[in-house]
Amino acid sequence: RDVRKKEHSVSELIKPLQDCLHLLKTYGVDIHGPKIDGMNLQDFVEEAPLTWESVMKKTFQKKEEILPFQLQSVETLKSDLDDFVVTIKNFRRDFRAEAPFAFDGDSS
């Protein structure tokens, strides 16, 4: 769910980072020194779109894998709810038919 929420915002962030990196290179700023996650800055920014696509792909594959289990759980819950409603209706019917609402004996 979080990946779906961030899908567009992260994708929109990558292009400006690449543009900024290109601008820094144009003006002769050394971008090979800083490291992010053990990679130099340029490699990290170049691989960011591929990494993000991989994360999104894994997320959607996992969603497809668990969808049948979710649907089965929904059906089970619906069945359990229907059984519960029937049980409550039967209890109410029996209670109204057999409950002691009136006293037929001697009151003395």
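Colleague: How many aromatic pairs does the count come to?

Modeller: Please keep in mind that this is a predicted model. Two rings count as a pair if their centres lie within 6.5 Å, and the rings of phenylalanine 91 and phenylalanine 95 have their centres 6.0 Å apart. By this rule the count comes to 1 aromatic pair.

Colleague: Is the pair of phenylalanine 91 and phenylalanine 95 stacked, edge-to-face or tilted?

Modeller: Planes under 30 degrees apart count as stacked, whereas those over 60 count as edge-to-face. The planes of phenylalanine 91 and phenylalanine 95 stand at 25°, so this pair is stacked.

Colleague: Where do phenylalanine 91 and phenylalanine 95 sit, and what separates them along the helix?

Modeller: Both belong to helix H2, which covers residues 41-98. Because they are 4 residues apart in helix H2, the separation between phenylalanine 91 and phenylalanine 95 is about one helical turn.

Colleague: Which pattern does the chain follow when read along the sequence?

Modeller: The chain has 2 helices and 2 strands. Taken in the order of the sequence, these elements give the pattern α-β-β-α.

Colleague: Why is the chain described as more spread out than a compact globule, and what is its radius of gyration?

Modeller: Along the principal axes, the C-alpha atoms of the chain fill a box of roughly 110 × 30 × 25 Å, and buried residues make up 10% of the 108 residues. For a chain of 108 residues the globule rule gives 13 Å, and the value for this chain is well over that, so the chain is more spread out than a compact globule, with a radius of gyration of 32 Å.

Colleague: Is glutamine 42 buried or exposed, and which residues does it touch beyond its neighbours in sequence?

Modeller: Glutamine 42 lies in helix H2. Its relative accessible area is 13%, and because buried means under 20%, glutamine 42 is buried. Leaving aside residues up to four places away in sequence, glutamine 42 touches Leu21, Lys25, Ile31 and His32.

Colleague: What distance separates the C-alpha atoms of lysine 89 and glutamate 46?

Modeller: Lysine 89 lies in helix H2, where it is exposed with a relative accessible area of 58%. Lysine 89 and glutamate 46 are 43 residues apart along the chain, and their C-alpha atoms are separated by 64 Å.

Colleague: How far apart in space are lysine 5 and valine 55?

Modeller: Lysine 5 is found in helix H1, which covers residues 2-26, and it is exposed, with a relative accessible area of 59%. Although lysine 5 and valine 55 are 50 residues apart in sequence, their distance in space, C-alpha to C-alpha, is 13 Å.

Colleague: What share of the contacts with a separation of 6 or more comes from residues 24 or more positions apart?

Modeller: Contact here means heavy atoms within 4.5 Å. Among the contacts in the chain with a separation of 6 or more, residues 24 or more positions apart account for 56%.

Note on methods
Residues numbered from 1 in each chain as written. Predicted model: local features only at pLDDT ≥ 70, side-chain atom pairs only at ≥ 80, totals over all residues. Heavy atoms only, no water. Rg over C-alpha atoms; globule rule 2.2 N^0.38 Å. Buried < 20%, exposed > 50% of the residue type's maximum accessible area, 1.4 Å probe, protein only.
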